[in-house]
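Visitor: Hi! Could you walk me through this structure?
Guide: Happy to. Let's look at it together.

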Amino acid sequence: MLVTHILGLGMNHHGLGKTNKEVLTMWKYEKKLQYPVNIKNKDLKLAKYIVTQYGGPAGELAAAWQYLDQRYNMPDDRGKALLTDIGTEELAHVEIISTMLYQLMQGATVEELKKAGLGENYAQFGKDLFPSDSFGNPFNMAYIKVSGDYIADIESNMGAEQRARATYEHLMDLTNDPDVLAPLAFLRQREIVHYQRFKELRNYYLEMKKQTTKKQEVQY
Ligand SMILES: [Fe+2]
């Protein structure tokens with residue numbers, strides 16, 4: 001599981017001002033998934049659907065990248081901390097999705113892969129996982145929404161969380177396997193929590209802006 005204080009990007013919860021030594025010692029990787037994955041039944045078609053939450057437009061990789069990029073533009077520590085928390089948690093979700101895909105595809109023959117529409121994947125990548133959407137389109141950096149305006153970014157993140165939630169619900173419609181449904185339900189729930197936390201942050205900043213405008217009106 002990837003946790004906060006990760007990546008050595010030179011910023012912790014409280015922004016700048018830490019020495020390199022302090023940043024380095026904060027690296028922490030917990031060697032277990034945030035939610036357990038134990039899928040017993042091979043299901044290649046389902047893997048082809050679920051891969052979109054790895055490398056698709058509403059996928060975990062896109063969300064992680066988007067939030068970890070945007071966090072530098074948040075106006076205070078509260079925003080930077082939230083974007084770091086959620087961004088790193090999305091990376092932990094990449095691990096969950098990757099594990100699910102690996103288990104769903106484990107032991108598949110080339111014939112089975114071809115039959116499930118994964119022959120193209122096998123031709124290019126063998127049995128490796130490749131970040132793409134359900135149609136096989138490779139992960140695209142254009143998915144990452146960054147505007148330079150923190151309110152626009154946070155509202156875009158609220159939309160991203162809703163789209164991710166909807167995608168998880170669609171994926172849950174596509175299977176009856178309880179081993180698959182349980183981690184999907186967990187991931188769906190996290191999107192709802194993230195949406196709420198982004199909404200709180202958006203409201204807090206709007207209120208902050210309102211107060212600043214009021215003060216300016218008094219002074220001038
Ligand atoms: Fe999320």
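Visitor: Is the crossing of α4 and α5 left-handed or right-handed?
Guide: The crossing of α4 and α5 is left-handed, a word used if the near helix is turned anticlockwise from the far one by less than a right angle (right-handed if clockwise). Keep in mind that this is a predicted model, where local features need pLDDT of at least 70, side-chain atom pairs count only at pLDDT 80 or more, and totals for chains, interfaces and linings use all residues. Residues are numbered from 1 along each chain as its sequence is written.

Visitor: How do the axes of α4 and α5 sit?
Guide: They come within 8 Å and cross at roughly 160°. Axes here are lines fitted to C-alpha atoms, for helices over the stretch in contact, with angles from 0 to 180 degrees between N-to-C directions. The two helices are therefore roughly antiparallel, the term for angles over 145 degrees.

Visitor: Which residues of α4 meet α5?
Guide: Among them are E60, A64 and Y67 in α4, and they meet a set in α5 that includes L83, V94 and I97. Contact means C-beta atoms, placed from the backbone, within 7 Å.

Visitor: What else does I97 touch?
Guide: I97 touches I50, Q53, Y54 and E60, leaving out residues up to four places away in sequence.

Visitor: New topic: how many helices and strands are in the chain?
Guide: There are 9 helices and 0 strands. Both are DSSP runs, numbered from the N terminus: helices are H or I with at least four residues, strands E with at least two.

Visitor: How many residues are in the largest nonpolar core?
Guide: It has 36 residues, and I97 is one of those with the most contacts inside it, as are A47 and L104. Such a core is a set of buried Ala, Val, Leu, Ile, Met, Phe, Trp, Tyr and Cys residues joined through C-beta atoms within 7 Å. Buried means 20 or more other C-beta atoms within 10 Å of a residue's own, exposed means 12 or fewer, and partly exposed is in between.

Visitor: Which helix gives the largest share of this core?
Guide: That is α5, with 11 residues.

Visitor: And where does L174 lie?
Guide: L174 is in the loop between α8 and α9. It counts as partly exposed because it has 13 C-beta neighbours inside 10 Å.

Visitor: What does L174 touch?
Guide: L174 touches L46 and Y49, not counting residues up to four places away in sequence. L174 and K45 are 129 residues apart in sequence, yet 9.7 Å apart in space, C-alpha to C-alpha.

Technical notes. Contact = placed C-beta atoms within 7 Å. Parallel < 35°, antiparallel > 145°, perpendicular 65-115°, else oblique.
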